[in-house]
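Please keep the sequence and the structure in view while reading.

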Amino acid sequence: MDYVMRSVRAEEWPLARQLRLDALQDSAAPVAFLDSYEAAVARPDAFWQDRTAAAAEGRDVRQFVAESPEGEWVGTVTVLIERPEDDVRFGEPAEVNQGHLVGVFVRPEVRGAGVTDALFRVAVDWAWSLSAPRLERVRLYVHESNPRAAAFYRRFGFVPSGQRMPVPGQGPGTGERREWELEYVIERG
């Protein structure tokens, strides 16, 4: 595989923005992301600049991309650092220092070519490499109606924790059926 896995650089915010917009137009987007294309495309450049700069700095978040030999970004995954004392971004509060994988996307034309595996390896390896804070586990959430992603996560080594949470904005009072996000984890070992 000739793809390079690396972290984003702050000045690459236009590429990070475009990859996110492309992800939100993917057929799996409704069950893969808690965001919409319409909301994302309306965000100002400053939002994308700040988001990419924080992900490049890597203190509380790090975004990795898969880059083709021609320089095209073909995939991404982001690691959020969560501590028990932090505000909850999504899911249950952290009981231990942990990484949280979000924003997973690989372009359809390279799915099955090992890109997702390589992105996950670099993201999880980075999470385990941290010493301050030292992470005890890495988690992610997968929509109950996304069996393809769940199968990949299990194959990679993630296991269901038994925790689940309702998809935000759905369920009683919204007129929509309650749907669930299932937590998967890898423990340090």
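The model is predicted.

**The sheet**

Seven strands form an open sheet: 7 strands in the order β1-β2-β3-β4-β5-β7-β6, with mixed pairing. Which strands lie at the edges? They are β1 (4-7) and β6 (159-166), and each of these pairs on one side only. On average, neighbouring strands of this sheet are turned by 25° against each other, direction ignored.

Strand β7 (residues 180-187) is joined to β6 by 5 bridges, and the two run antiparallel. Strand β5 also pairs with β7 in the antiparallel sense, over 7 bridges.

| Residue | Opposite residue in β7 |
|---|---|
| Val159 | Val185 |
| Met165 | Glu181 |

Buried here means under 20% relative accessible area.

**Helices on the sheet**

Helix α1 (residues 13-24) packs on the sheet and touches β2 (61-67), β3 (73-82) and β4 (98-106). The direction of α1 makes about 100° with that of β3. Helix α5 (residues 115-129) packs on the sheet as well, touching β1, β2, β3, β4, β5 (137-143) and β7. For α5, the direction makes about 25° with that of β3.

**The nonpolar cores**

The largest nonpolar core has 30 residues. Within this core, Val79, Leu101, Leu119, Phe120, Tyr153 and Phe158 touch the most other members. The elements that give two or more residues to the core are β2, β3, β4, α5, β5, α6 (147-156) and β7. Which element gives the most to this core? It is α5, with 8 residues.

Leaving aside its neighbours within four places in sequence, Leu101 is in contact with Val77, Thr78, Val79, Phe120, Ala123, Val124, Val138, Arg139, Leu140 and Phe158. A second, separate core of 15 residues includes Val8, Leu24, Ala29 and Phe105.

**The contact of α1 with α4**

Two packed helices are described by the angle between their axes and the distance between the axes. The axes of α1 and α4 come within 9 Å and cross at roughly 105°. Angles of 65 to 115 degrees count as roughly perpendicular, and α1 and α4 are therefore roughly perpendicular to each other. On the α1 side, the contact is made by Trp13, Ala16, Arg17 and Arg20. On the α4 side, Asp45, Trp48, Gln49, Arg51 and Thr52 take part. By type, the residues of this contact divide into 3 nonpolar, 2 polar and 4 charged.

Another residue of helix α4 (residues 45-57) is Ala53. Is Ala53 buried, partly exposed or exposed? Ala53 counts as partly exposed because its relative accessibility is 32%. Ala53 and Glu11 are 42 residues apart along the chain, and their C-alpha atoms are separated by 7.6 Å.

Technical notes
Residues numbered from 1 in each chain as written. Predicted model: local features only at pLDDT ≥ 70, side-chain atom pairs only at ≥ 80, totals over all residues. Heavy atoms only, no water. Helix = DSSP H or I, 4+ residues; strand = E, 2+ residues; numbered from the N terminus. Buried < 20%, exposed > 50% of the residue type's maximum accessible area, 1.4 Å probe, protein only. Pairing = 2+ DSSP bridges. Axes fitted to C-alpha atoms, helices over the stretch in contact; angles between N-to-C directions. Contact = heavy atoms within 4.5 Å. Core = buried A, V, L, I, M, F, W, Y, C linked by side-chain atoms within 4.5 Å. Parallel < 35°, antiparallel > 145°, perpendicular 65-115°, else oblique. Nonpolar A, V, L, I, M, F, W, Y, C, P; charged D, E, K, R; others polar.
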